[in-house]
Amino acid sequence: MTTREDCLAMDTKDPLAFTRARFRIPDGVIYLDGNSLGALPVTTSARIDDVIAREWGGDLIRSWNKADWIGLPARVGRRIAPLIGAGEDEAIAADSTSVNLFKLAAAALKHQAPRRVILTECENFPTDLYVLQGLGGLLGSAVELRTVSRNGLIHALTEDVALVALTHTDYKTGEIHDMAAINTAAHKIGALTLWDLSHSAGAMELALNRDGADLAIGCGYKYLNGGPGAPAYLFVARRLQDKLVQPLSGWMGHAAPFDFSDRYRPANGTLRFLSGTPVVLGMAALEEGLKTFDGISMREVEAKAGALGGLFLCLTEEQCGDAGFVIACPRDSAKRGSQVCLRHSEGYPIMQALITEGVIGDFRAPDTLRFGFAPLYTRYVDVFDAVAKLSEIIRHERWREDRFRIRAAVT
Ligand SMILES: *Cc1c(COP(=O)(O)O)cnc(C)c1O
């Protein structure tokens with residue numbers, strides 16, 4: 001049996017223990033949902049106050065130059081680049097993940113003509129599927145969306161595929177794809193790859209360039225700690241940047257936005273993947289979120305992520321072995337993102353009871369309890385206390401109260 005003292009000892013030895021102080025975690029809360037909304041960094045409130053009061057309130061429109069608001073997308077992109085294994089001129093912050101997927105998928109498809117097949121998996125995150133379906137609706141016969149199951153992917157990589165669009169860490173099961181192997185297989189048949197890193201970046205060591213990725217997108221509000229609705233980012237490998245043109249050709253992606261020319265001319269590099277004016281408040285908060293990674297080795301982040309998830313699974317088997325949970329994520333940490341998921345027929349009320357008692361995870365229909373472990377602020381003892389609480393709720397059947405069956409709009 002693993003004891004609470006064992007977990008406290010692991011925290012003492014944790015090389016990342018010091019980064020928890022970079023966050024404001026409420027007392028009495030064990031937060032296991034940093035994979036959906038990262039916790040608040042201690043510096044964010046003061047930064048946003050400053051952007052509002054001094055930069056906006058005092059300097060007004062002069063702040064576009066004086067505070068370099070105009071440079072925020074590229075500046076924030078330069079902070080994201082090392083977290084994903086990209087060169088600093090290969091990532092830029094912009095828009096939302098959904099919109100960035102639309103822009104890059106459309107650009108890739110145009111580049112790959114006359115090929116017209118986008119290959120994806122049916123387990124992909126819904127917005128990824130919906131955006132690709134929308135692109136299909138717009139382009140009609142110029143695109144064919146081929147959606148196959150995860151284990152049919154390699155088989156479906158035929159010479160007509162233009163683009164392989166996948167989510168690196170599965171949002172529900174936490175399974176990760178072998179990015180290098182899929183990039184190699186895709187390139188062999190002349191396809192490009194587009195990776196959604198939403199549940200990967202900030203939780204593991206990523207190496208887009210070493211692994212040969214072409215394109216990527218991802219969220220700012222999950223492990224990157226950018227705050228609710230934070231801007232997203234996109235990555236375009238340097239070799240492709242000037243070959244791709246995206247369809248949301250707004251003025252911020254123009255080579256000279258303040259020439260106010262009447263003809264679109266794309267900027268060089270990643271700037272051409274911008275569309276409209278950057279969301280300054282959101283970008284400033286994302287920049288603070290990314291500072292929580294200063295001086296940190298992503299290899300250590302990945303090692304801790306694997307250890308926290310492994311500990312959770314081990315404790316669940318020890319303490320809740322007969323409670324009816326089915327482990328629905330890979331047990332091998334090398335195949336799993338920084339999350340675990342358990343399936344249970346009463347998953348929804350169990351998760352609501354847990355949240356009421358201060359252990360915050362989330363629920364994904366129809367029956368999945370999901371627990372994310374943001375390595376920068378989750379302690380081993382938190383995992384112990386969370387599983388102990390889960391076991392207590394099951395033993396005393398506290399999840400049976402009627403109030404835990406009421407479904408909220410966001411689960
Ligand atoms: C969270 C997430 C998104 C979210 O996209 P938004 O445009 O921010 O709503 C997209 N894709 C994946 C894989 C995600 O996990």
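# Reading the pockets, ligand site and backbone

Colleague: Which residues lie nearest the centre of the largest pocket, and how many residues line the largest pocket?

Modeller: The lining of the largest pocket comprises 25 residues, and His168, Ile176, Met204, Glu302 and Ala334 lie nearest the centre. On a 1 Å grid over the protein atoms alone, a pocket is an open set of points with protein on both sides within 12 Å along at least five of seven lines, a cavity is a set where a 1.4 Å probe fits but cannot get out, and lining residues have an atom within 4 Å of a point. The model is predicted, with local features requiring pLDDT of at least 70 and side-chain atom pairs pLDDT 80 or more, while totals for chains, interfaces and linings use all residues. Residues are numbered from 1 along each chain as its sequence is written, and side-chain values use heavy atoms, with hydrogens and water left out.

Colleague: What is the volume of the largest pocket, and which helices each supply at least two residues of its lining?

Modeller: A volume is the space filled by probe spheres set on grid points, which are joined across faces, edges and corners. For the largest pocket this gives about 500 Å³. Helix H7 (179–188) and helix H10 (298–320) each contribute at least two lining residues, and H10 provides the largest share, 4 residues. Helices (H or I, at least four residues) and strands (E, at least two) are DSSP runs, numbered from the N terminus.

Colleague: Why does the largest pocket lie between domain 1 and domain 2?

Modeller: Domain 1 (4–42 + 297–405) and domain 2 (68–291) both give residues to the lining, so the largest pocket lies between them. Those bounds come from an automatic or database domain assignment.

Colleague: How many cavities are found, and what lines the largest cavity?

Modeller: The whole structure holds 5 cavities of 30 Å³ or more. The largest cavity has a volume of about 50 Å³, and residues lining the largest cavity include Arg20, Ile25, Tyr377 and Asp382.

Colleague: Which residues come nearest to the ligand?

Modeller: A residue is near a molecule if one of its heavy atoms lies within 4 Å of it. There are 13 residues around the ligand, and Ser98, Asp128, Asp196, Tyr221 and Lys222 come nearest. Serine 98 places a polar side-chain atom 2.6 Å from a ligand oxygen atom, and for tyrosine 221 the corresponding distance to an oxygen atom of the ligand is 2.7 Å. On aspartate 128, a side-chain N or O atom is 2.9 Å from a nitrogen atom of the ligand. Of the 380 Å² of accessible area (Shrake-Rupley method, 1.4 Å probe) that the ligand has on its own, the protein covers 86%. Helix H5 (97–112) and helix H6 (126–139) are the elements giving two or more residues to this shell.

Colleague: Where do cis peptide bonds occur, and which residue has a positive phi although it is not a glycine?

Modeller: Most peptide bonds are trans, and most residues other than glycine have a negative phi. Here, a cis bond joins alanine 113 and proline 114, with omega about 10 degrees; proline 114 sits in the loop between H5 and strand E5 (117–121). Another cis bond joins alanine 365 and proline 366, with omega about 5 degrees. Proline 366 belongs to the loop between strand E14 (362–364) and strand E15 (368–372). Aspartate 68 has a positive phi of about 55 degrees and is in the loop between helix H3 (63–66) and helix H4 (72–84).

Terms used
Polar contact = N/O pair within 3.5 Å; in protein donor to acceptor, adjacent residues only side chain to side chain.
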